[in-house]
Amino acid sequence: MTYSGASFFETGQLVGVLTTQPLGRVLDYKAPEGGCHLGAFVEVPLGPRKVLGVVWGAGAGDYDISKVRSVIRVLDAAPMREELQAFIRKAADYTLTPLPAMLRLATRAPGLGDPPSMQKIYRLGEGRPDRETEARRKVIVVLEEYGGLGFTLKEVSDIAGVTSSVVKGLVKQGVVREEDTPRDAPFPRLDPARPGAELTEDQAVAAEALRAGLREGVFGTTLLRGVTGSGKTEVYLEAVAECIAQGRQALVLLPEIALTSEFLTRVQARFGVKPAEWHSGVTMTERRRIWKMVGQGQCQLVVGARSALFLPFQDLGLIVVDEEHDTSYKQEDGVLYNARDMAVLRGSLCAAQVVLASATPSLETWANAEAGKYRRLDLTARFGPAVMPELRAVDMRDERLASNAWVSPTLRAAVEARLAKGEQSLLFLNRRGYAPVTICRACGHQVGCDHCDARMVEHRFLKRLVCHQCGETKPMPEACPACEVEGKLAAVGPGVERMTEEAVALFPEARVATLSSDMFGSARALKAQIKEIAAGGADIIVGTQLVAKGHNFPNLTLVGVIDADLGLQGSDLRAAERTFQLMRQVAGRAGRAEKAGVALLQTFQPEHPVIRAILTGDEEGFWRAEAGERQHAGVPPFGRMAGIILSSTDMQEAFDIGNALARNDGPIRAVGAQVFGPAPAPIARVRGRHRVRLLVKAPKGVALQQALAQWIAPVKGSSQFRLAVDIDPQSFM
């Protein structure tokens, strides 16, 4: 339901409030004393509770007026702008998500209704210290350079490179002033006039094109495609500078939390201060501060994960989606949405420029650029003296190695050559843990999860078995759970931990580091490890796809892909695309500085079209061929798809409802679409819930959401039944 009308409501007027509670509709309340604005964040009574809501418009008046309760209070936060309201509505309509669930994404900051808390900050005081030490001089210089800005004790200590006791000593002498200030303070201003990196001719042309788009002040989407190491970041930071110079706000989305540390350093070098950082690794206090300052226009640039798209920007002029092809931009639980597509939607509603940056763009983005919907800018050469790595296949059919070994003699010799030169090597395997399967050699039983139809993965570093579907863990058993014979459980197949074990055995003198997302207790620990490796703290890196995501290791000159065939198996329509992207991205980690790089792909299928495309570097040829196949099959981006996931603790209920949907598919057939299924999901049980899938396939121009909503509207199940709709599914698990 859409509400419209007044932008301010007087005391006692009926207002429609959308709450974050799963009620499915806007509720009527009376405006509080003093009235409230459209979009105001409010606290309202709901039964015995107090809940957060937003004034969505005028009240409907379809409820007994004598029973309508009043808004308790208006929160101390800038009202939600109509642009964000429209974005939430359209995103909800597109993904078939209830509005309250969408609003929850836009209010993911704790304590929004809390009164401002205070903290101590430090500014330049008066006079000079009684004794000028080098450390004291550093503090004074920092405070002078930033023109009277206030810093927390940690900030000034870190920037000056001194201990906090030095700052406190200057406070005692009045040279530094200590003040109490609200914790939700504005962010330091970025300086767009600071000189950026010296750009190549390619980069300068691309940067000017992005700046020109921003100067037009209208919506537009650009694919910024550049080979790995070509300096895409420097180009779009110039667009950020133009956006900030215009007084508008900018958002840069990154696919991986571990990327933020290096990126923030580059932003600080360009603009003089660090931007706001929004992701699951920042403190709750900082999340609230960012949310409030973004809403007040006191935060110019946010660098964050996909959920940053739902922040209440006052004047968003630029959205950059870095590594736009990355699958982590698709949220696979709760609200199912693709941040790349939602970025384009939000940009269209606030007249912002959207930049989709990638060395290996998604086929959807490539096709939009080919069709002229997106502008395309290309960076064809690596920045500075770096050149693209040489790519070679290692035909595993010709290699001789033991059954429990995975590093071929060819790759081993290449690693040894790098060790002799003091250069780094990367052994890449996109499989977490020690081994994907634990099997009993006595009875053949494969150890599975108690709550899912999935094998448990051995994580030897943790000394536990882990289910990668639900996160359930259990200690490594001594005896087989099925036949109870001891000493017969064996690890089958390699995971990244097992590769580390092999690397340590093959190269005993080398320093071996393992990079896998599940091996670090916190984002900070992961960032620290990446920083240490980049500084030369390891000779051999063993890593999963985490290492493919934009990291820069200057001394890394060899990439060895242990199993280049891994992603080619299975029925996923994007298998070829994802393998191509991953291999090209991983290979791009090599030779990013002065030293030339080599990437060796171990494969049993060197003649496979995808492997050949990777080795030849014929990216346009690969995209054209892949696009032709998808177009012929009528699948995205040349057709539309939706996944319907039914789940219940009762398998029969899920199948019965699935069969009923398949039989009563009139609304789907009416728009020329087809229903496939129901069928058990590839992993048919997760967290004790049985899962059944249906797939809807439709021609490209069809109004699919309307037909889907009509089709699923009659579905009724038990309290244990769940139905989820996945528009444009990325995963078919």
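At what angle do helix α7 (residues 232–245) and helix α8 (residues 260–271) pack, and how far apart are their axes? In this predicted model, the angle is about 50° and the axes lie 11 Å apart. That makes α7 oblique to α8.

**Helices α7 and α8**
- The crossing of α7 past α8 is right-handed.
- From α7, the contact draws on T233, E234, Y236, L237, E238, V240 and A241.
- From α8, the contact draws on F263, R266, V267, R270 and F271.
- By residue class, the contact of α7 with α8 holds seven nonpolar, one polar and four charged residues.
- An α-helix has 3.6 residues a turn, so residues three or four places apart point the same way.

**Helix α13**
- Helix α13 spans residues 496–506 and is mostly covered.
- Eight of the eleven residues of α13 are buried.
- The buried set is V496, E497, R498, M499, T500, E502, A503 and L506.

**Residue T222**
- T222 sits in strand β10, which covers residues 220–226.
- Is T222 buried or exposed? T222 is buried, because its relative accessible area is 1%, against a cut-off of under 20%.
- Leaving aside residues up to four places away in sequence, T222 touches L210, Q353, V354, V355, L356, R375 and L377.

Definitions and conventions. Residues numbered from 1 in each chain as written. Predicted model: local features only at pLDDT ≥ 70, side-chain atom pairs only at ≥ 80, totals over all residues. Heavy atoms only, no water. Helix = DSSP H or I, 4+ residues; strand = E, 2+ residues; numbered from the N terminus. Buried < 20%, exposed > 50% of the residue type's maximum accessible area, 1.4 Å probe, protein only. Contact = heavy atoms within 4.5 Å. Axes fitted to C-alpha atoms, helices over the stretch in contact; angles between N-to-C directions. Parallel < 35°, antiparallel > 145°, perpendicular 65-115°, else oblique. Left-handed = near helix turned anticlockwise from the far one by under 90°. Nonpolar A, V, L, I, M, F, W, Y, C, P; charged D, E, K, R; others polar.
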